[in-house]
Amino acid sequence: MAAANESITLKRNQLIASALSKHLSLHSGTSLSECRGDDIKSLYVNILKSSGKWSQQKENDEVMKWIDFAESFPVDTSACFNALNGLNQHLALKSVLLGNGVTPSEADVIVFSVIHSSVIGLSHSEKEKLTQVMRWMDYIQHKETFVDPAERILLEKPAFEPLLQSTKAVAKIEVDSNVKKSMQSTKNTEKPDAEHSRKKSDAGKKVTEKESVQEKKKPAQTEPAEKEKEVSVSLLNIQVGLIRKAWKHPSADSLLVEEIDVGEAKLRQVVSGLAKFCTPDELMNRHVVLITNVKPGKLRDVASEGLVLCASNGDHSVVEPLLPPEGAKIGERVSFSGFDGKPEDVLNPKKKQLEKITPNLFTDDKGVATFKGIPFMTSGGPCTSSIPKASIK
């Protein structure tokens, strides 16, 4: 048993040495023979020293915490699942363990290398219970090049299919409408000649009554169009932004203040209720999606010029900002297929436009952000969240 555990530890250290060397683009890494007696912390330090880059590195407390996690990760297969379950809960709030939004860090590389062999050995049912871990590992193995293709974690990812149902429904409505108009026209031409022989006074009276009825119907005909306009997502100006700076609100423990780049000459200051779910450091340099045409105001005496859209689970115990895809451009407007209207310059709070739209914002079972099932689209693809079937506000 001891020999088997030593073999597993050596294999983990070898993968860490190889992975860190590639991640840090080092010209020289620790040789595999040197991995046998090292703990992970010593291995990490030796790799940096052997490359001559140690002087450029500072010991990061957060990295060291994850190294402690990696060193305490069970070798025994039966005990691994509980440790992975704890990691799964942590990743429900983050795209990566450490880093600038979506950029893998040394901590991600080390933890991935340590748990890799354990995750490969899990059953299908066990993998289904670790959705966040599986999502994270799939992301890391595609961002980094240290994993052999034959040893990659296999993750089933359903292909995205555009929603065509709404288009078909509209086409059906138009056909039905045209058929009704045709039938009505035929009926009008087949009226008995007795209709045309009525007295002029009666005809004049009918014309007057008909005009009166039409005038009464006009408000009813325009009302649905106005109602549809009020709830259309096209009223919102939703843009891709990059958080340049974040800090705690000076007088509210539950609030954070962010300065967000949306491609304008001046950064936008936004106040968000994210203090319980994210630290300012975790938001720094993170791409987000925000509504930029809400009416500017103040939250506890601090000015706010936008609304960062976040996904939330059922009991609001897990909340995270929506994540634009890689390749999405700062400042570009998020679009929705079939909704091409022009956004309001500034939303009118009295009309409660936002309140009528947000109940239709949610993530689907794959974590794709949608309005009534239609994805939030950018030039790089759809916006997403690690929280499936979540409300978006």
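This section describes the strand pairing, a helix pair, selected loop residues and the cysteines of a predicted model.

Five strands form an open sheet in the order E3-E2-E1-E4-E7, with antiparallel pairing. Its edges are strand E3 (268-272) and strand E7 (307-308), each of which pairs on one side only. E2 and E3 form a hairpin with six residues between them, and in the turn Gly 263 adopts a positive phi of about 85°. Although E3 is an edge strand, it is mostly covered, four of its five residues being buried.

The loop between strand E1 (238-248) and strand E2 (256-261) contains His 249. This histidine is buried, as its relative accessible area is 5%. A polar atom of the His 249 side chain lies 3.0 Å from the backbone nitrogen of Ser 251. Beyond residues up to four places away in sequence, His 249 touches Leu 255, Leu 256, Val 257, Val 271, Leu 299, Arg 300 and Val 302.

Most residues other than glycine have a negative phi. Asn 285, by contrast, has a positive phi near 60°. This asparagine is placed in the loop between helix H10 (280-283) and strand E4 (287-291). Its relative accessibility is 31%, and Asn 285 therefore counts as partly exposed. Lys 389 likewise has a positive phi, here near 50°, and is found in the loop between strand E14 (381-382) and strand E15 (391-392). With a relative accessible area of 67%, Lys 389 is exposed.

Two packed helices are described by the angle between their axes and the distance between the axes. For helix H3 (residues 61-72) and helix H5 (residues 106-120), the angle is about 5° and the axes are 9 Å apart. H3 and H5 are therefore roughly parallel to each other, since angles under 35 degrees count as such. On the H3 side, the contact is made by Val 63, Trp 66, Ile 67, Phe 69 and Ala 70. The H5 side contributes Ala 107, Ile 110, Val 111 and Val 114.

The cysteines were examined next. A disulfide is a covalent bond between the sulfur atoms of two cysteines. The structure holds zero disulfides. For Cys 310, the closest cysteine sulfur is that of Cys 278, and the separation of 7.2 Å is too far for a bond, because a disulfide requires sulfur atoms within 2.5 Å. Cys 310 counts as buried, at 9% relative accessibility. Cys 80 also counts as buried, with a relative accessibility of 3%.

Definitions and conventions:
Residues are numbered from 1 along each chain as its sequence is written. This is a predicted model: local features need pLDDT of at least 70, side-chain atom pairs count only at pLDDT 80 or more; totals for chains, interfaces and linings use all residues. Side-chain values use heavy atoms; hydrogens and water are left out. Helices (H or I, at least four residues) and strands (E, at least two) are DSSP runs, numbered from the N terminus. Buried means under 20% relative accessible area, exposed over 50%, partly exposed in between (1.4 Å probe, protein chains only). A polar contact is a pair of N or O atoms within 3.5 Å; within protein, one must be able to donate a hydrogen and the other to accept it, and residues adjacent in sequence count only if both atoms are side-chain atoms. Contact means heavy atoms within 4.5 Å. Two strands pair if DSSP finds at least two bridges between them. Axes are lines fitted to C-alpha atoms, for helices over the stretch in contact, and angles run from 0 to 180 degrees between N-to-C directions. Angles under 35 degrees count as roughly parallel, over 145 as roughly antiparallel, 65 to 115 as roughly perpendicular and the rest as oblique.
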